[in-house]
Amino acid sequence: MIGSGFAGLSVATNLAKEGFQVEIFEKNSMPGGRAQQFQAEGFTFDMGPSWYWMPDVFDAYFAHFGKKVSDYYELDRLDPSYSVFFDGGKRMDVPADFDAFCQMFESYEKGSSEGLKRFLAEAQYKYEVGMNDLVYKPGLKLSEFADWRVISGAFRLQLFSSLASHVRKYISNPYLLQLLEFPVLFLGAMPSKTPALYSLMNYADIKLGTWYPRGGMYKIVEGMARLAGEIGVRINCGAAVEEIVLDRGHATGVRVNGNFHGADVVVSAADYHHTEQKLLPTSYRNYSEKYWESRTMAPSSLLYYVGLNRKLDGLEHHNLFFDQDFLKHAEEIYEKPAWPANPLFYVSVTSKTDLSSAPEGCENLFILIPTAPGLLDTPEIKEHYFQLVMDRLEGILEQSIRKNVTFRRDFACTDFMSTYNSFKGNAYGLANTLMQTAILKPSIKNKRIDNLYYTGQLTVPGPGVPPSLISGRVVADEICKKFQ
Ligand SMILES: Cc1cc2nc3c(=O)[nH]c(=O)nc-3n(C[C@H](O)[C@H](O)[C@H](O)COP(=O)(O)OP(=O)(O)OC[C@H]3O[C@@H](n4cnc5c(N)ncnc54)[C@H](O)[C@@H]3O)c2cc1C
């Protein structure tokens with residue numbers, strides 16, 4: 001196994017459960033991949049994911065091993081789920097309770113809660129079909145989808161219309177539209193390029209809720225790593241794989257720090273592009289560099305991990321700053337890649353709910369600006385955007401912040417490349433556009449090597465923590481079918 005992100009831990013545990021002896025080689029010093037954590041000056045920062053959505057997927061993962069989430073970590077539902085700051089000082093605190101959520105819609109657009117309920121009924125259907133059937137398909141051949149509830153329901157699933165046009169059938173208020181469109185930004189593409197199928201994300205957001213594992217997102221990694229240990233998986237950190245060793249069309253193992261480790265099956269949970277372009281000879285790759293250049297990658301991110309020596313007023317655990325032109329920033333990410341003039345950004349203040357993440361009386365800030373993949377950062381660029389975010393935050397919250405910064409670490413495109421071997425510094429894989437869905441995603445199986453598989457956010461079902469857990473299960477099932 002190469003890599004110990006969520007997909008790597010998932011495939012490893014699923015295979016160990018079926019009796020395989022599994023050994024993971026991870027280049028970094030701790031498991032978790034993009035969900036690593038670090039401590040500094042009394043602060044604990046989750047480095048990547050911060051939104052715990054789709055709790056049912058985590059429940060199902062642990063239940064497969066006869067366990068419960070609560071055997072490994074405690075969850076709290078956040079209320080408000082998150083806050084959104086719009087232009088002109090408008091602020092929306094999104095309530096967890098559905099009746100209160102409907103009332104909030106009514107206060108922005110009279111009668112809109114009826115449209116919302118119809119929209120969510122469709123979204124629930126998509127969630128149920130999507131999460132029970134669609135995401136567990138290995139995406140190897142079209143016939144997998146032939147018997148799927150679909151063909152009859154294809155129109156209802158709305159693969160061929162865009163989310164942007166779909167939401168406009170139900171709602172017209174611009175603030176409510178932004179609220180319903182933002183979740184698909186997690187999938188790495190514009191609402192106008194994302195199939196309306198993904199309104200299932202709105203169901204996840206509004207009905208299933210936003211949760212937080214006490215102690216941080218890294219608790220999930222620790223839980224999975226503990227489970228892995230309990231069922232015999234060995235995790236070797238600081239162990240970068242340098243080569244997948246081949247004997248004609250067969251992988252015999254991997255080379256790590258010059259040493260050969262034999263294996264009957266090799267699974268790579270590292271970024272797909274890196275696995276193919278760096279660990280395999282050209283003639284054994286599924287895809288060429290030209291193929292990768294033609295893909296739509298999800299954004300990279302400019303991240304700031306910030307410690308403040310005082311408490312802030314006016315922020316919640318999750319805060320979205322949509323106070324600038326949404327489409328202009330999206331264009332700078334997807335259409336004409338450039339450093340954004342006035343970006344939207346996101347701030348997570350974990351210390352609002354988790355006192356363990358910051359010293360007493362202090363605040364823990366995680367700031368994220370989505371940026372186009374492949375835009376190489378410099379110290380000057382990082383400083384510019386830090387000051388820009390501080391200006392905006394100080395203006396909106398009407399309090400001084402930057403003079404209270406006692407800790408700051410920046411992380412950007414070049415760090416994604418060096419830390420995770422990420423193609424173009426992508427933060428979360430391939431965008432979920434129609435042309436990059438299901439069988440149109442990079443295949444989980446190498447076509448020329450009979451025992452080499454791929455898992456993770458660059459293959460099926462796609463980006464995000466829950467899909468990465470599912471990706472590991474799907475690949476493990478395929479391996480079991482062939483090798484057990
Ligand atoms: C900033 C950020 C915010 C995000 N926010 C959210 C969120 O709020 N909610 C959500 O659900 N998702 C979120 N995501 C997406 C989510 O984190 C990812 O989709 C998921 O963690 C990907 O898991 P993975 O296992 O596919 O890949 P990774 O986590 O990248 O794991 C791949 C592993 O392979 C290792 N590796 C690479 N090359 C080698 C090699 N040669 N040898 C050995 N090991 C190697 C890497 O070090 C890494 O540990 C976010 C991602 C980022 C970056």
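**View 1. E398 is an exposed residue with a positive phi.** E398 is exposed, with a relative accessible area of 72%. Exposed means over 50% relative accessible area, buried under 20%, and partly exposed in between (1.4 Å probe, protein chains only). The phi of E398 is about 55°, although E398 is not a glycine. Most residues other than glycine have a negative phi. E398 sits in the loop between α13 and β17 (405–411). Helices (H or I, at least four residues) and strands (E, at least two) are DSSP runs, numbered from the N terminus. The model is predicted: local features need pLDDT of at least 70, side-chain atom pairs count only at pLDDT 80 or more, and totals for chains, interfaces and linings use all residues. Residues are numbered from 1 along each chain as its sequence is written, and side-chain values use heavy atoms, with hydrogens and water left out.

**View 2. N257 also has a positive phi.** Its value is about 50°, and N257 is not a glycine. N257 lies in the loop between β10 (250–256) and β11 (259–262). N257 is exposed, at 51% relative accessible area.

**View 3. Y385 is buried in the predicted model.** Y385 belongs to helix α13 (residues 379–397). The relative accessibility of Y385 is 4%. E74 is 311 residues from Y385 along the chain, and their C-alpha atoms are 35 Å apart.

View 4. Most peptide bonds are trans. P80 is in the loop between β4 (75–77) and β5 (82–86). P461 is in the loop between β18 (452–454) and α15.

**View 5. The ligand is surrounded by 38 residues.** The closest are E26, R34, W51, V241 and Q457. Polar contacts are pairs of N or O atoms within 3.5 Å. A backbone N or O atom of V241 is 2.8 Å from a ligand nitrogen. A polar side-chain atom of Q457 is 2.6 Å from a ligand oxygen. A side-chain N or O atom of S468 lies 3.4 Å from an oxygen atom of the ligand. Taken alone, the ligand exposes 1000 Å², and the protein buries 96% of that. Accessible areas come from the Shrake-Rupley method with a 1.4 Å probe. Elements giving two or more residues to the shell are α1 (6–17), α14 (413–420) and α15 (465–483).

How values were computed
Near = heavy atom within 4 Å. Polar contact = N/O pair within 3.5 Å; in protein donor to acceptor, adjacent residues only side chain to side chain.
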